[in-house]
Amino acid sequence: MLTSQGVAKHYGDHIALAPLDMVLERGKILGLLGPNGAGKTTFLRMVTGITRPDQGVLRLFGEPHRRDHLRRMGYLPEERGLYKGMRVAEQVLYFASLRGMSRTDAQHALKGWFERLQVEGWWNREVADLSKGMAQKIQFIATVLHRPELLILDEPFSGLDPINAVLIRDEMLRLVREEGTTLVLSTHNMGSVETLCEEVLMLHRGHKVLSGRVDEVRETARKGRIRMTFKGNLMAFVDQLGPRAELLSHESEVLASGETRHEVALALPEDWSMSALLRWAVDHVEVLEAVPVRMSMEEVFVQTVEANGS
């Protein structure tokens, strides 16, 4: 569906995007991540034909990028752009006509979307009357009305309250599951990445620093971290543990029995597995529980940015 082969963009001496290789298959959801200035918008502008790559090959729908591919694409930019003097329905119908929809088809589709996103009463209201959240829903509708095969959403949850964010999220999932839409989600909302995305691509200072399936990325970033609960002498445990593993944190609680329960977070080296740690630990303390630390995408994001220089 979307392939980048060494695509790069420079502005003078500034590297906006270093040569980027990536493949997004049809019907998948990709989370495009990175701090401000990472190169995300630069990449999206090349995909949507706003700018051209300085080098490399960009392919859409299995073909080299062409202008006529844009009708098969929907793009919601971070910078919003509704005409305040127009009425809401006329605004959306106008955008639909630019993408080749007949007025009859667009009106029929628009009624369905207005019902699903609960904006029926706004058909003849002026755009200037819209709240930020309502305007966001209208622009989302304008982006998807023509049933694009490739949908690119840049911060789609901006300005939405939790209820409306769920409405939009559910519609995004429906488009992917029922209509086979391919989705690129550019966002700083790591919770939505965990909920929606199967794959992630993270850019930092114009370079790709992380990519892969969300579950695999989170497991790799875990770096052997586990959380273990036990009864026993904490100081003796740490002393005997020595350099075998790094103690990241610990908490202690005195139980009603007078015993002390400890919870520690450990980072294991690559040559020492969790099972090996447990075989060692049971000879020194009473192990109650041991589980791998499950990192959130927010933790992965912060860790990756720090590792590559914030």
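Predicted model: local features only at pLDDT ≥ 70, side-chain atom pairs only at ≥ 80, totals over all residues.
## The largest pocket

The largest pocket holds about 550 Å³ of space. Its lining consists of 24 residues. Tyr75, Leu76, Pro77, Phe95 and Arg99 lie nearest the centre.

Strand E6 gives the most, with four residues. By type, the lining of the largest pocket has twelve nonpolar residues, six polar and six charged.

## Salt bridges: count and network

The model has 18 salt bridges. Some of the residues involved are linked in a network: Arg116, Arg147, Glu171, Arg174, Glu178 and Glu179.

## Glutamate 90 and arginine 103

Glutamate 90 forms a salt bridge with arginine 103. The closest N and O atoms of the pair are 2.5 Å apart.

How accessible are the two partners? Glutamate 90 has 35% relative accessibility, so glutamate 90 counts as partly exposed. Arginine 103 has 45%, and also counts as partly exposed.

## Glutamate 263 and arginine 227

Here the salt bridge joins two strands. Glutamate 263 pairs with arginine 227, and the closest N and O atoms are 3.6 Å apart. Glutamate 263 lies in strand E13 (residues 260-267) and arginine 227 in strand E11 (residues 225-231), so parts that are 36 residues apart in sequence are tied together.

Glutamate 263 is partly exposed, with a relative accessible area of 30%. Arginine 227 counts as partly exposed at 31% relative accessibility.

## Arginine 213 and aspartate 215

Arginine 213 forms a salt bridge with aspartate 215. The closest N and O atoms are 3.5 Å apart. Arginine 213 has a relative accessible area of 37%, so arginine 213 is partly exposed. Aspartate 215 is partly exposed as well, with 44%.

## Arginine 218: a buried charge

Arginine 218 lies in helix H7 (residues 214-222). Arginine 218 is buried, yet has no salt bridge.

The side chain of arginine 218 does reach a backbone atom. That atom is the backbone oxygen of methionine 295, at 2.6 Å.

## Histidine 284: a loop residue

Where does histidine 284 sit? Histidine 284 is in the loop between helix H9 (274-281) and strand E14 (286-292). With 34% relative accessibility, histidine 284 counts as partly exposed.

Two other residues are placed around histidine 284. The side chain of histidine 284 reaches the backbone oxygen of tryptophan 280 at 2.8 Å. Phenylalanine 237 is 47 residues apart from histidine 284 along the chain, while their C-alpha atoms are separated by 6.9 Å.

Conventions: Residues numbered from 1 in each chain as written. Heavy atoms only, no water. 1 Å grid on protein atoms, 1.4 Å probe; cavity = no way out; pocket = protein on both sides within 12 Å on 5 of 7 lines; lining within 4 Å. Points joined across faces, edges and corners; volume = space filled by probe spheres on them. Nonpolar A, V, L, I, M, F, W, Y, C, P; charged D, E, K, R; others polar. Buried < 20%, exposed > 50% of the residue type's maximum accessible area, 1.4 Å probe, protein only. Lys, Arg positive; Asp, Glu negative; His and termini not counted. Salt bridge = Lys/Arg side-chain N within 4 Å of Asp/Glu carboxyl O. Polar contact = N/O pair within 3.5 Å; in protein donor to acceptor, adjacent residues only side chain to side chain.
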